[in-house]
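Please look through the sequence and the model before reading on.

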Amino acid sequence: MCVHPELCTVDAYPKAYRYARIVKAKLFIDAHFAEPIDVEAISSEAAFSKFHFIREFRAIYGRTPREHLSHCRVERAKELLGHDAQVMDVCLAVGFSSLSSFSRSFKRATGITPAAFREAALQRKAEARAQPLAFVPDCFSGAHGWKAE
C-alpha cells in the first residue's frame, strides 16, 4: 500500500527523486556559498550532468545555480555591510575572489555599490539612534502611548 498516492505512479517517483536531488544541491549552495565552488561541484552533488543540472535547477528555482550562488553571496554581504564591516573584508568573507567582481555583482543585484550600501546602512543606524520613534510605525507607537518629540 502506498503512503503517498501522488508519488506511487511510475512517472511521479522519478520526478520526486530528481526534485530531491536538486533541492539537495541548492542546500549545498546555501551552506557553502562562501567557498570557491563551481557548477561542476554543485552538479556532482546532485548527481546530474552539468548542463542537465542547470536546466533542472532553473526550472525549479527560476534562476541558474550560478545566479543563486551570487544571490546568496550578495544577501550575506548586505548583512555584513549593515554591521559596519569593511567592503574588502566582506568581499572575501562571502566568497568573491576580487573586489571588482564583488562590486559588479553587488551593484547589479542592489543598484548601488557596496560602499554606498554600507554608508547608507551606517547613516540609517545613526538616525535610528538619534530618533528611534521615527522608525516605529505610528499605529504601533500611538497604541502604546509613545510620542515623537
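The structure is a predicted model, in which local features need pLDDT of at least 70 and side-chain atom pairs count only at pLDDT 80 or more, while totals for chains, interfaces and linings use all residues. Residues are numbered from 1 along each chain as its sequence is written, and side-chain values use heavy atoms, with hydrogens and water left out.

**Helix 7**

Helices are DSSP runs of H or I with at least four residues, numbered from the N terminus. Helix 7 covers residues 114-130, and its 17 residues should span 24 Å at 1.5 Å a residue; the expected span is 1.5 Å times one less than the number of residues. The end C-alpha atoms of helix 7 are 24 Å apart, which agrees.

Which residues of helix 7 are buried? They are P114, F117, R118 and A121, where buried means under 20% relative accessible area, exposed over 50% and partly exposed in between, with a 1.4 Å probe and protein chains only. Seen down the axis of helix 7, these buried residues fall within an arc of 100°, so they line one face of the helix. The arc is taken from the directions from the helix axis to the C-beta atoms. Their cover includes helix 4 (65-82), helix 5 (87-93) and helix 6 (99-110).

**Aromatic rings**

Rings of Phe, Tyr and Trp (its six-membered ring) pair if their centres lie within 6.5 Å; planes under 30 degrees apart count as stacked, over 60 as edge-to-face and the rest as tilted. By this rule there are five aromatic pairs. One of them joins F53 and F57, a tilted pair with 5.6 Å centre to centre and 55° between the planes. Both residues lie in helix 3 (residues 50-61), four residues apart, about one turn of the helix. F53 counts as buried because its relative accessibility is 0%, and F57 is buried with a relative accessible area of 0%. Ring pairs also link F96, F102, F106 and F117 into a cluster.

A charge sits over a ring if NZ of Lys or CZ of Arg is within 6 Å of the ring centre and within 35 degrees of the ring normal. Two such cases are tabulated.

| Charged residue | Ring | Distance to ring centre |
|---|---|---|
| R21 | F48 | 3.9 Å |
| R73 | F96 | 5.5 Å |

**Residue T64**

T64 is found in the loop between helix 3 and helix 4 and is buried, with a relative accessible area of 11%. Leaving aside neighbours within four places in sequence, T64 is in contact (heavy atoms within 4.5 Å) with I54, F57 and R58. T64 and I54 are ten residues apart in sequence and 6.0 Å apart in space, C-alpha to C-alpha.

Note on methods
Helices (H or I, at least four residues) and strands (E, at least two) are DSSP runs, numbered from the N terminus.
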